[in-house]
Structure formats: C-alpha cells, structure tokens
Amino acid sequence: MSTAQADARAYSKPLYPVDYSRLRRNVRGAVRWDDISRALYASSASIVELWPSCVVEPMDADDVVKAMQFAREHGVPITCRGAGSGVAGQSLGQGIIMDFSVHMNRIVEVQPSHGWARVQPGVVKDDFDTELGSFGMFWPPDPSSSPWCTVGAMVSNNSGGAKSIRWGTAKDYLLELDVLLPDGERARLRPLKVANGAIEFPADATAAERRLAEALLKVARDNAKLLKEQRPEATRSSSGYNLFELLHADNSSVDIQAYYPRTEFDAEGGILDLPRLFSGSEGTLGILLEAKLRVLKLPRKQAGLTLYFDSNQAMAEGVVKLLDTRPTKLEVLDRSFIDVAARSDPRLAEGIPDRLQSMLIVEYWADDERDTAKSVDAALELCVKQGPAFDGKAAYDAAELEKAWTVRKVASPILSRVKGDHKPTRWIEDCAVPPWKLPQFIDGFKRICESNGFTAHLFGHGGEGNLHVNPFANCKDPADRERMRKAADEVFELVKGLKGTISGEHGDGLMRTPYLQRMYGEVYPLFEQVKALFDPRFLLNPLNKVPSPESRVPGQPQQTRDTGHGTRDITSFLRVGEDYARQPTGTVLDRPSVLEEIEKCHGCGKCRNYCPLMRVGKEEKYSARAKANLLRGVVAGRLDVDLLLDAEFKANIDLCIACEQCLVECPTQVDIPGISMVFREQFIDRKGKGGMVADLLSKPDKMGKAGQKVAGMANTILRNRFLRGMAQSVTGLDERRKLPEYHKPHGVKRLKPLEVPPELRAKLPTEVVVFPGCYAEYYDPDGEKATLIEILTALGITVHTPALNCCGISKITQGDNRGAKADIQENIDKLLKPVRRGAKIVFSAPSCMLAAAREWTRIHDTGYTHEVAQACVDAHAMLLEVFRQPEMRKQLKPLGKRVAWHLPCHSKVLKIGDAAKALIDLLDEGTTVDLNAGCCGLSGTFGLKTDNFDMSIKIGQPMFTKINLARPDVVTSSCGICQTQIRQGVKTSEDGKDGAQVLHPLRLLYEALK
Ligand SMILES: Cc1cc2nc3c(=O)[nH]c(=O)nc-3n(C[C@H](O)[C@H](O)[C@H](O)COP(=O)(O)OP(=O)(O)OC[C@H]3O[C@@H](n4cnc5c(N)ncnc54)[C@H](O)[C@@H]3O)c2cc1C
Ligand code: SF4
Ligand code: SF4
C-alpha cells in the first residue's frame, strides 16, 4: 500500500472502534458499523466529509435513550441526522450517526382548531405540509429543500426559507420540545413564564427542566447588557446559540398570522424561551424526540411582482420600503443571474433592460385576491412610481408569478451543472446583514471575491439581507483553498462590521464553528456555559458550536490531520480537499470521465425525494447519492478497492434501477445510472454475469422468440401461480408477478390511405425503419407494432421492418456492454444503409429509443453509431406533428373513451412524454387524465425478482391509486413494462368489460383512424 493509499484509508477508519454488537442487541432499529454503511453517512450537502464509527436508525424514543446510554458508557459521541441536507457539515460526526428519517417520521397529532401539531423529528417537511394542507393549515418555515429535509432538523437548525420575511423561522413556531439530554434525562423545553424574578414552572416540570431553566435565567440576567449590545442586527440568524431571545416579553397575545414581530431581548421579560435557545443548536444540546409546533391557516391567494433596479443601493432602498407592505417573499437576484439564464434561453432576457443591475421578486399571500392585488399595486406605487426601481411588472395570479421565478429556476441548475473542477462552492454562502446595509455588504462581498479571484452570482432572501452566494472554487487546488480561507476571513470581518451574522439560516456546522469565538467575542464564553449546562461531556455533535477540548488540541491522528493547519478553519475536513487523491482501481472506473461524474455529486439530497426507491425505502442506501458516495469512497481510496468485487457493495449499487430520473431531476445532472452501469461492467468483466437467470433476463429477444413460438403452452404456464411458485426458487422471479403473455402476430385490418396535404407530405420522410422493441414484437405484435406500421403506411410512407436484435437496454443496464455490443453492431449493420438513404428510425417504446439514441453511442462510440443515433425519432412526436394539422385531425373519429395516461420514466428523460400526451389529447379532445404518478416501480427486471417485488408494488402504489380514482376505460402508456405493472396493480381486462383496457397510445390512434 502506498503512503497516499494508507493516508486515504486512515481518513475513513472509525475513531471510536468499540464493540457495537451490544447496542445492536439492545435496540429495535438497525445498528451498522461496516464500511459501506459508514460511507453512506460520511458526507452530506456540505463540502466536508467526516467518517462515523457507527450508524443507528432508531425505531422510537426508547431506542434513542438506549443508544444515548451506550454512548455515555463508551464515551462515543452522537450526531443526529435528518436528510443530511445541512450545508455546513452539521450532520456529520465521528461517533454514532443517528438517522431519524427512517422510522421516527410520524405526524403524531394535528389539532387545527387549536393551531398546533405534534411530530416526530424525521418527518419530511413537505409531507407535514401536505397533511396540514388537508386541514387548510401549514407550517411556515420553508427551506427550498422542503421536499426532502426533515422537520426535526429544521427545528434544530432554525431553518428559514423565502417566506420567513413574513413568518419568521423555525424558532418562532415551537410550543414544546421533548428532548433527551446526554445524561439520560428527558426535558420538556417550553416557554416558561417569569414573574417577580421567579420562573412559574408547570406542575409536570422535570428536575432537568427546572435545573436548566434556573441556570439559563441566571446566565441571561447576569449578562443582559452584553446580550442586548452584542446581538447581531440581522433579522435572522442560525449562528451561535440564541441567547439573544432567551428572555423576552410575553408575546403570546400577538397574532403571528397577521404580524410577525422580531423578538427583542428583555431582561425583565415575562418569558424564558427554552425552545428558542434549542433551535439553531444543531444537535449539540440535546436530541429532539418530538415537537409540538404552532401551525397557521394557509392563505389561499398569491400575487406578486418583479422590480428592476440599476444599482444595489437602489435595490436596498426598495427592500426597506417594501418591508412596510409586509411581503411574504422578497427575493433578490443580481444581473449576472439573469445573464446566466439568458445564455440557455435568450427569451428569458427579453424585455429586461441593459441598465438592470439587480432584480427583486416579491410575493404577497392572503385569503382574498383583492388584498394581494392591493399589495402589488402599493408596491408598484412605492417602488416604481416613487422610485427607486426604474421599472416593474405585476403578476396578479399564480401562473404569472411562476413566470417571474423562471430566471432563478433556470439559472441555478446551469450554474450547478458547469463542468470541471471549478464548481459553485458553499462556504461563505449564508451571511445575513440588516437589509438596509445590503449595498455595503454586496459591494464589499464583490470586492473580496474579485480581489481573491472568485466569480460569484448573488441571490437570496433580500428582505432579510441574507444572501446565498456560491463562488466558483476548486477545492482540490491548494491555491484555491488558501484563497477560500482568506476570502472567508475577509467576508466574516465585513459581516461583523455590519453587525450581521455569518449564518442567516444554514447553521455553523463543522465549517463555521471555528469562527464563532472571533465573531461573538465576549458572548462566546456564554455559549461555553450553555454547552456545559446541557452537555458537559461533549457527547453531542462535539465538533460543532463549542468544540470538545480534545478536538482543539492535536493528539488523535485523525483530529490533527483534520485540523490541518494547526487550527481548524473553513477548509478543514474538505471532502475533496488536501486529503483527497484519486487512487487507481485498475478498472474502467479509472476513466477520467467516469471519475469526474462520480465526483460531481454535491450531496444536496434532492434524490431522497425524486428517486423512486428512496421514496419508499427511506434508508439512505436507496438514495442516488449513496451510489456516488460509495464509488467516491473507493476511487479516493477511503474504501477498500476489493469492495468493487463484493456482493454486498454490488447490492447497494444495484439499488439504482436506471429509471434515469437523475438526468432530469438532479441539480448537477449526475449520471448515477451511468456510473452504476460502469461499476457493473467492471464487476461482470472480472466476476462473470451472475448465473443463468440473470443472463436469460438480459436477453428479452431470445426469451420472446422462444415464448412466442409456443405461445399457448407458455401462457398456460405463466398464468399458473402454482407453477410460477415452483419456478420461484430456481429463477428468483416472484410467483406473485403476473408476467405479460406471448402473442403471435395475426395482422390488423388495413387502414385506408389518409389524405395528406402535399405540404405536409413534403415534410414527412419517404421511408422509415420501424424499431418495434421486444415488448411490441413478442407481447403486443397486433397492438403497438402492427398499428404503427399501419398508420405510417396509411400516410404514404414506405415502412421497412428488418429483423432486429433487442436494443440491448437490459444488457447495458446490467453492465454487460460486451454482450450488448455484438447486438448493437448487428442492428447498426441493418440500419445504416436505409439511414444513409435518408430514412428515419421510428420508435414507439421509449426505452429502446433511449438505448439507440444515447446508450449505443456511449458504449460503442463510432461515427456510424452516431449517424444512426441522429436518425432516431419518436413515433408519438412525429405523428403529433401530422395529426395536429386541421386537415389530418378531421380524419380522426372520436374515441368516446375515458383515457388515463401514464408517463414512462424514459419518456421523461428523452423529453418526449409531452408529445405522447398531446397526441392522446387529440383523440379524446383534451379529456385525458394525466396520472402524473412517477415511476411505475417495475423498471426492467427489477420488480420481477422476489427480493424486490414488495418494493416494486409500493413504488407503483401512487399510480394504482390514481388509476382507481380516475376510473378510466383505457389506461395508456408507451412502455410495455409500465403496462405490465399496471395490469399487476389494478383490475384490467383485455376487452374492457371487466376492468380498464391497457393499451399502447398508437393502438388508440389506430382505433381513431379505423
Ligand atoms: C438545495 C438546498 C436548499 C436549501 N435551502 C434552504 C433554505 O432555503 N433555507 C434554509 O434554512 N435551509 C436551506 N437548506 C439547508 C437545509 O436543507 C436545512 O438546514 C434543513 O433544515 C436541514 O434538514 P435535514 O433534515 O437535511 O437535516 P440534517 O442536515 O440531516 O441535519 C441538520 C441538523 O439538525 C440536527 N438534527 C437532526 N435531527 C435532530 C434531532 N432529532 N435532534 C437534534 N438535532 C437534530 C443535526 O444534527 C444537524 O445539526 C438548503 C439545503 C439544500 C441542499
Ligand atoms: S445525486 Fe444529484 S440530487 Fe442526489 S445528492 Fe447528488 S447532486 Fe444531489
Ligand atoms: S436513475 Fe432512478 S433509480 Fe437510479 S438513482 Fe437515479 S432516480 Fe434512483
């Protein structure tokens, strides 16, 4: 092992290698300390990486109590974790990581009439709001990570979001927190009344609650002057401990729905607010087990406007004026953001004058649209008529408002998807200053970036002076790291001078903790007192907020390495920093393009929401980022290279079922299915294909041909559950799975030639090759395949149907590129000639088109493969162009059927789903029900297998439910696999008499032309 390899392995060694088996025996939830599990929790949405020693997924509070007891006995610290979307490294630790998102994610109780709800910490914020929405309520804090971040972590982090200018941050909605303290005591943290200098404890107050409250009241009272003077002027902060609002006046009579007050420190105040202190403590003071949260009535109407400014000074004046109109959102974008968006779509800059330097997007929410319109008019009057904006555009309803956000939505992924090692980087991304000081801050910030050679695009919550700026930096480059440190020093000094905060809402975490002493000066020792009151042994998140004594002194090899420069700073613990070096694996994973792809995942966690497996599996291993994290672990030498041949490791990577949604939804567009396939390629190269069944399943054409020949007998076997049951142990295919039945082609009634106007005919190809795909060929030859040929022929197009091999998608997905290449080559040999004559290759199945148009070129990169790829067209898109012409539309007979449309994942990736939907809409005059239900769950051969059957059905459940609710005559989807899953999950029938028919869209078009 080289020194570099040894260093890399040392980085990932457990710092607390104790015997966790006793903990495993004691708790109901999973306890894991193998390298693979630790790797999944070594990173988060931050740029840092820290390897835990053990991971626990508690089932309930009892498990948490037992794990805390174990931690105390063995001196192992605990770091809590929700979705790991915290961007400052606050969910990373070297001891036990406790993941609350897997099991402790219930909404315990909602009391809409009393305005509160009780939740477990791991509930996802959007799930919480969906439930509250059914009562017409919502929980106001709303980070843009709300589809995947957890409520408990939001409390712990004091998360905000765009709406906090109107409704504050998490700390403003806490009625009672059930917290486990490190010494094993349970405390109910709630706002306590203070009268005549004494705390009025409720009768059920525990000893812990009393002890903490008395001590904290003393800290606040003794330091009242200091806290009042030193409080940051910024209107939001998630930095340090919130001692600044620990004591405040009784504001329980204030109607927070109507008016959000800033809570002022008040030494004589009537409330000792323990939840506010806990909020923002980032898991360093106690473990949240349950929270009672104030919830509000959800306003029904929204309107807004965009305002244009020619300087930051003018923009800041606008912000201050607008505060009086009580906006719900007040967001700022600087000019460079608009320029970036316009590079991808010049229409986005249309109507935006050159003089624009800064733009505000403002929203108002109310119950009555007259109120929202009034607010918009008032804002236009204040900012445009009276200045300082030079122009503005009202958006009186939600649709117009959506357009206003387009620039922001388009620009963010463009910035994230930039190639190369210089990436938008979060390290000084969350400073907040009083809004009226924004011009000084923006000018100073830009100057610092410029002088240190960083480009930056500014956006953020302007109404609260909280800017999110991710300058482009290369963490691998020592010079860049030095410049990052310098820029952080300078920016934080600037913020201090403006009485701002170094974190408006993202938290301090590992990254900003080293700066707290400098930022808070005389207040910092009070933070130490707080930590000592709650967690004197540093058992909770010990590198955060107030770091443990041993982490401050070099001693432990890891900690000296991590502290790097002698003292910790913003570049300590970097994921891809000075300790990072690619280690050759001697496999195809060493290709630079593959390595770049693996390193591209920035860990944001959005895939926890969009990956179909993660949505139902809940455990981190199901997320897309899990695959990137594992592979990065190996290529960086932090995981043993032998794991590339390990069955367990492979099982984890195989949790990518190549639905390809990563290519649509992932902000950095990491090709997770691609890197998973490369992994499988090296696995197969070295270990073989994994048995006869796997081999057979990767050859749907061979199986199809054989099955079709003896269709009668094969279908009898397929229909017989007893026989399927017998086969299950040999094939691994679940006996409950209804497999599609083989059909021999009998031919369909010829269509009469259609009357095609000459100008349309001129646009159509004269000849095409139909690529039917295995499903159409062997299971639906008289449906999908024959009807496509009939329709094209009726349009006067010459149709070729050479005998083609499978597109290879199954082999490619399984990593059998070698096997796929031979099939591809044969297909290309047959396709090239007609393509060179100008013929198009027409696909009715999205997965086959994805293979030919994209995968073939990836694994067989030749000039002629590209020629073929460029000739691929989607049948639906082509026929939509034809039948949307009035002369052609006239020739369609109404179907008179209620049709429900399911979008296959691969259509979404190829962006051809809209065309299919629009084509079906032409047939039933716009009455198609769009199921909009995500992945069907079968995905190739994934859901066929016994091990995956239940999960596959769970993934498909939203689709089944929506179909049952829609009660359609026909369910249609362009993908045979999705059709198979629909037949599995809902009542269907061939003739539509006893359940909906399941048909390919082209079959419907054919019916309309017959
Ligand atoms: C793309 C993106 C956009 C974002 N936008 C916003 C935004 O607009 N506004 C905003 O405020 N933030 C934003 N964030 C930051 C982040 O999403 C929030 O801080 C969020 O609240 C973190 O939730 P999580 O479940 O991922 O928590 P994690 O990152 O897993 O944990 C956050 C903290 O909570 C602690 N914690 C978790 N559970 C418990 C518990 N039971 N007891 C005690 N402590 C606990 C952890 O120890 C950690 O310190 C964004 C992040 C990303 C990646
Ligand atoms: S795979 Fe994409 S969505 Fe998932 S964490 Fe990585 S960057 Fe984010
Ligand atoms: S491609 Fe699909 S299955 Fe694979 S990681 Fe991405 S979302 Fe999950």
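Analyst: Begin with helix H41. Its buried residues are Ala-875, His-876, Met-878, Leu-879, Leu-880, Val-882 and Phe-883. Buried means under 20% relative accessible area, exposed over 50%, partly exposed in between (1.4 Å probe, protein chains only). Helices (H or I, at least four residues) and strands (E, at least two) are DSSP runs, numbered from the N terminus. In H41 (residues 875-883), 7 of the 9 residues are buried, so the helix is largely enclosed by the rest of the structure. Note that this is a predicted model: local features need pLDDT of at least 70, side-chain atom pairs count only at pLDDT 80 or more, and totals for chains, interfaces and linings use all residues. Side-chain values use heavy atoms, without hydrogens and water.

User: How many salt bridges does the structure hold?

Analyst: The general idea is that side chains of opposite charge can pair when their charged atoms come close. The criterion is a side-chain nitrogen of Lys or Arg within 4 Å of a carboxyl oxygen of Asp or Glu. The structure holds 79 salt bridges. One of them joins Glu-245 to Arg-231, with the closest N and O atoms 3.0 Å apart. Both residues lie in the loop between helix H9 (224-230) and strand S12 (247-248), so the pair ties together parts that are 14 residues apart in sequence. Glu-245 counts as buried at 4% relative accessibility. Arg-231 also counts as buried, at 11%.

User: Which residues are linked with Arg-231 and Glu-245 in a network of salt bridges?

Analyst: Lys-171, Asp-172, Glu-264, Asp-273 and Arg-276 are linked with them.

User: How far apart in sequence are the parts that Glu-505 and Arg-236 tie together?

Analyst: Their side chains meet in a salt bridge at 2.7 Å, N to O. Glu-505 lies in the loop between helix H17 (478-497) and helix H18 (509-512), and Arg-236 in the loop between H9 and S12, so the pair ties together parts 269 residues apart in sequence. Both Glu-505 and Arg-236 are buried.

User: What does Lys-1010 touch?

Analyst: Contact means heavy atoms within 4.5 Å. Not counting residues up to four places away in sequence, Lys-1010 touches Lys-749, Leu-751 and Lys-893. Lys-1010 sits in the segment after helix H47 (1001-1009). At 40% relative accessibility, Lys-1010 counts as partly exposed.

Methods. Residues numbered from 1 in each chain as written. Chains lettered and ligands numbered in written order.
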